[in-house]
Number of protein chains: 4
Amino acid sequence: MIRYNDLAGKKIGRIEALSDGVFAIALTLLVLEIKVPERPVHSEAELFSLFLSLSPKFLSYFLSFMTMGIFWNGQAVQLSYMKTYDRNLTWNALFFLLLVSLLPFTTAFLGQYTQYRFALLLYWCNILLLGLVLYLHWQYASKKQFIALDAGAFPTIDKAVRSRIVIAQVLYLAGALLCFIHVYLSMAFIILVQLNYAFAIISGKGIQKKKD
Amino acid sequence: MIRYNDLAGKKIGRIEALSDGVFAIALTLLVLEIKVPERPVHSEAELFSLFLSLSPKFLSYFLSFMTMGIFWNGQAVQLSYMKTYDRNLTWNALFFLLLVSLLPFTTAFLGQYTQYRFALLLYWCNILLLGLVLYLHWQYASKKQFIALDAGAFPTIDKAVRSRIVIAQVLYLAGALLCFIHVYLSMAFIILVQLNYAFAIISGKGIQKKKD
Amino acid sequence: MIRYNDLAGKKIGRIEALSDGVFAIALTLLVLEIKVPERPVHSEAELFSLFLSLSPKFLSYFLSFMTMGIFWNGQAVQLSYMKTYDRNLTWNALFFLLLVSLLPFTTAFLGQYTQYRFALLLYWCNILLLGLVLYLHWQYASKKQFIALDAGAFPTIDKAVRSRIVIAQVLYLAGALLCFIHVYLSMAFIILVQLNYAFAIISGKGIQKKKD
Amino acid sequence: MIRYNDLAGKKIGRIEALSDGVFAIALTLLVLEIKVPERPVHSEAELFSLFLSLSPKFLSYFLSFMTMGIFWNGQAVQLSYMKTYDRNLTWNALFFLLLVSLLPFTTAFLGQYTQYRFALLLYWCNILLLGLVLYLHWQYASKKQFIALDAGAFPTIDKAVRSRIVIAQVLYLAGALLCFIHVYLSMAFIILVQLNYAFAIISGKGIQKKKD
């Protein structure tokens, strides 16, 4: 019985390594889209404006990178609390990685067709599914008692992990709904939410505080 | 002697890391094929139908992802039971990875020439070889007594690992033979088999049950 | 409290694995640019000159590889001294990886527009930001007492890590300023600085010496 | 002093992870070259001959995969015997990885210009440098006493590692020299040498035997 737990513990390491590989590729996929232009230029100013013409691709890359950073962290936190793992969780994680590797596509699609609601809703749909799969990941692991926390510490962290996902997804939904007013408003709101999660990280400290 | 086992144990970690790398790339190779179309569109409906036109590539991606998930799991389970490893197993694993990295090609080939038996048989051939190499991996490791299981637990898990591969391959063969009736029937059957292995995972629980 | 440190310790492993993945891809991105020409040739001499025509791409690849090797080492050394990690450091590391994955672009941009100051300043800007983010990584970790060194050993290694970054960045700045005399002079100087850091590694030994 | 060894030990893990990443990418780079043809076909036979027309690319891929497997194993064995590591070894390893990532290029170059001696000598040059850098890796580590073997076991394994590289490189040189008789003879000989190292692995058993 102890032996089996050890083996399963090792499997978490495998899913972590596979995730790091898929994220590493997904994180750099959109860079591949930024090709150095081979147009001849005749002055510094011309080269500068050529570079500026690439800025939508850089913005798109930055947005995609930030979103993936958020979900990489989200998955990493959950995995760091798990003491064991099973095949259902593995397939949940694989489906999560499938959605991660689609993110560069939906981001580029949004970058190409910014003025259309469909492009925005597709992008939002990708983020929604990522959140949903991640929520089910935690939900299933809690139910099966795979979380390596004693009865005292569990409720606090359980609540922190769940509410983080729910609040983020409510904000994304609100952002998505804004597209019925104007698509750019919707985009701006979603980007602000992501900037908040990337730069003003609150949940990490939150768990620590509640523990004291 | 103990020292040598330690060193060999480390090598399993290396083959696991290399496998995770190759799988991570193979898992995302077909995403690279899904390019954002740069055609001008004039309405939401037009954009939606443009997106729908990409659906065969998404299906092909999903199929390839699922197949690779199945074989990643299959290899992970075997590696998790091994206490040592040698060069013959390493080359078996490398050949396995070669077949893994060919899977995006044979999947895309099938996606391009769906109506031809040859495309289907090529795809099946790839899956057959993956199963065969994985079977030999376990076969060799059992014979050399590289499996980290005592005499009591070994037969149950040995049988579970072997029968899983054999049953799956018999089903794939049946699917492949259906192509002499109709290629699409054959494809549908193989996809169903893979959906079954991805979503109704039975072997994990099976091992657990037989242990009790 | 001890439990939390264990979990956080694991997270350093994740950021290391993600970094290795991103670096591995970034290290090989510029190789993808070196395509085998498909022009017909009629003699050994013609093939040789065809190969020589690719040499700027090989040089560009070598330069990019060397720069990335330097920053990979720089990050690896910092991470190897850390006993714990938090979300702020994780986002610092993610931003570092974003800059790493932009390096193949700025290098190729410089390779394409060698005679322009703007291309050189863009490349320098990338290196400057890499250095800055890495400096802040150490700065933050020291302030939060995340460094796994006792009070005796800390000052020596702290000084070595900081001065390494500062001296390198001063040299890069000097190189960048040379572009107002001539762009090629500037490039040559920066390449020499990088060759020095790649081949005449002094900081590793420096730390050892000061300890004795 | 013990603390420093621990930190350095961790660095071997980093170089292993980076190597696995670069090898995983290099192993799959040539697959990216095998594009599914989009030509319309009208019969099974036509599709089969279209597939056959891709066979030089498959052979080239197989050759490159095999060569990389050999060097991945070679490096893995050396790393598995090392107890510590320094910056000079790290840069040796980085240069090794640079040569690894060039291998898909030199292989494809040989595949494109098979009838020219220059293409074959370039390919051989890549293999020669890989062997040389790997030899220096071991040479430096032995001199610095980084090898985790006691005085009794060291000479046997030291001799096995060195002679493996030297014999292989002598065989490759012999193969390369054959190109002055005929390029195809040279290629065939080198492929046979690599097939031998991939399938009839002798050094692993060799070490074991000498130990008894």
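Chains A and C meet through different surfaces, because only 10% of the interface residues of chain C are also interface residues in chain A; two residues are in contact here if their C-beta atoms, placed from the backbone, lie within 7 Å. The model is predicted, so that local features need pLDDT of at least 70 and side-chain atom pairs count only at pLDDT 80 or more, while totals for chains, interfaces and linings use all residues. Residues are numbered from 1 along each chain as its sequence is written, and chains are lettered from A and ligands numbered from 1 in the order in which they are written.

Chain C can be laid on chain A by a turn of 90° and a shift of 0.0 Å along the axis, with an RMSD of 0.0 Å, where the superposition is by least squares on the C-alpha atoms of residues with pLDDT of at least 70 in both copies. The two copies are thus related as by a four-fold rotation axis, and in chain C the C-alpha nearest that axis belongs to Gly21(C), 4.1 Å away.

Within chain C, the axes of helix H3 (residues 55–80) and helix H5 (residues 117–143) come within 10 Å and cross at roughly 5°, which makes H3(C) roughly parallel to H5(C), a term for angles under 35 degrees. Among the residues that meet are Phe71(C) and Gly74(C) from H3(C), and Leu130(C) and Trp138(C) from H5(C).

In chain D, Ile191(D) has its place in helix H7 (residues 183–199). Ile191(D) is partly exposed because 16 other C-beta atoms lie within 10 Å, between the 20 or more of a buried residue and the 12 or fewer of an exposed one.

How values were computed. Helix = DSSP H or I, 4+ residues; strand = E, 2+ residues; numbered from the N terminus. Axes fitted to C-alpha atoms, helices over the stretch in contact; angles between N-to-C directions. Parallel < 35°, antiparallel > 145°, perpendicular 65-115°, else oblique.
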